[in-house]
Amino acid sequence: MASHVVSPANKAASRGTAPRKRTDDTRLAVLFITPAAVGFLVFLIWPLIRGIYLSFTSYNLLTPATWNGLNNYKQMVLDPVFWNALKVTLEYVVINIGVQTIIALVIAVMMQRLTRSLVVRGIILTPYLVSNVVAALVGLWILDTNLGIFNELLKLIGINPIGFFTDGPWVIPTIALVNVWRYVGYTSLLIFAGLQTIPPELYEAARTDGATEPQMFVRITLPLLRPILALVLIISIIGSFQVFDTVSVTTQGGPVDASRVLQYYIYDMAFGRFRFGYASALSVALLIVLMIVTFIQYRLTRAGQTDLA
């Protein structure tokens, strides 16, 4: 006996109703995407194009830009302050990323192992809710050579005050640690979210085989957490290369350019000396450095791959 298949259109016709047409959501999608696309073009793409153009000009904001070719880039290559700013920035990035990642990883693992309380997560995230300027002012209030609380405590135990923001060897590590305090909670929560993707059955099987906590951390947690750690490192390094607020509030690049990071040097060239063409060239150089660092890091960490089956 042959079976008779009734199509949806025939069913609708038998009920006396017209078949439902599939709606096209393209126009609605474009409507929702348009504001973000306009903002992206106006506030990101256009400034990028404009900045690249200005990097080939001599421009001081008061007169029209004058094309000068590669003069700004030639000057940058011969500028000792630029190379010092790049060295200082790299020093800051290494200290900030190294300390922040290690502390954030420890906090994330402790949260996973000991508690998953929302209250604890909120407390850990609290410093991230503070602005960079406020964090810098708090650090200055605590570590100031003459009036800082920490130095006052050092005096009580017979130790001479330390110039955290005035002594060359101390200034970059101090600025880095101030920013570590602010960002470590956010970084730890990102890593904690990555830990939730690791199947608990792997840890149970490892415990059954007699593996210790350090062994499970090295052989299970770190390999499976690699994509998240790569993402965290890329985001953190990009942000660290652009450090500005803390330096501007606490040291203004001093003492003797010991904390003149690249972003602050760009700001000083543009808004302190009105050399917008040269500042644009410095900005393009920073963009190229970030692109190279991000590409190398992405390839070395294999951020787009995962060890989870």
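At what angle do the axes of helix H10 and helix H11 cross? These legends begin with an overview and then come to that crossing.

**View 1. Here is the whole protein chain, with 14 helices and two strands.** This is a predicted model, in which local features need pLDDT of at least 70 and side-chain atom pairs count only at pLDDT 80 or more, while totals for chains, interfaces and linings use all residues. Residues are numbered from 1 along each chain as its sequence is written, and side-chain values use heavy atoms, with hydrogens and water left out. Helices (H or I, at least four residues) and strands (E, at least two) are DSSP runs, numbered from the N terminus. Of the 309 residues, 36% count as buried; buried means under 20% relative accessible area, exposed over 50%, and partly exposed in between (1.4 Å probe, protein chains only). The accessible surface of the chain comes to about 18,800 Å², and 69% of that belongs to carbon and sulfur atoms. These areas come from the Shrake-Rupley method with a 1.4 Å probe; for residues, only the protein chains shown count as cover. Among contacts (heavy atoms within 4.5 Å) between residues at least 6 apart in sequence, 65% join residues at least 24 apart.

**View 2. Helix H10 (residues 213-224) meets helix H11 (residues 226-241).** Their axes come within 4 Å and cross at roughly 55°, which makes H10 oblique to H11. Axes are lines fitted to C-alpha atoms, for helices over the stretch in contact, and angles run from 0 to 180 degrees between N-to-C directions. Angles under 35 degrees count as roughly parallel, over 145 as roughly antiparallel, 65 to 115 as roughly perpendicular and the rest as oblique. H10 brings Leu 222, Pro 223 and Leu 224 to the contact, and H11 brings Arg 226, Pro 227 and Leu 229.

**View 3. Now follow H11 along its 16 residues.** From first C-alpha to last, H11 reaches 22 Å, close to the 22 Å expected at 1.5 Å a residue; the expected span is 1.5 Å times one less than the number of residues. Among its buried residues are Leu 229, Val 232, Ile 234, Ile 237 and Phe 241. The cover over the buried residues of H11 includes helix H4 (80-114), helix H8 (168-195), H10, H13 and helix H14 (276-301).

**View 4. The loop between helix H12 (245-250) and helix H13 (262-272) holds Thr 251.** Thr 251 is buried, at 9% relative accessible area. Leaving aside neighbours within four places in sequence, Thr 251 is in contact with Phe 165, Val 171, Ile 175, Thr 246 and Ser 259. Pro 255 also has its place in the loop between H12 and H13, and a cis peptide bond with omega of about -5° joins Gly 254 to Pro 255. Val 256 lies in this loop too; its phi is near 50°, a positive value in a residue other than glycine. Val 256 is exposed, with a relative accessible area of 80%. For background, most residues other than glycine have a negative phi, and most peptide bonds are trans.

**View 5. Leu 61 sits in the loop between strand S1 (57-58) and strand S2 (66-67).** Phi of Leu 61 is near 80°, a positive value in a residue other than glycine. Leu 61 counts as partly exposed, at 47% relative accessibility.
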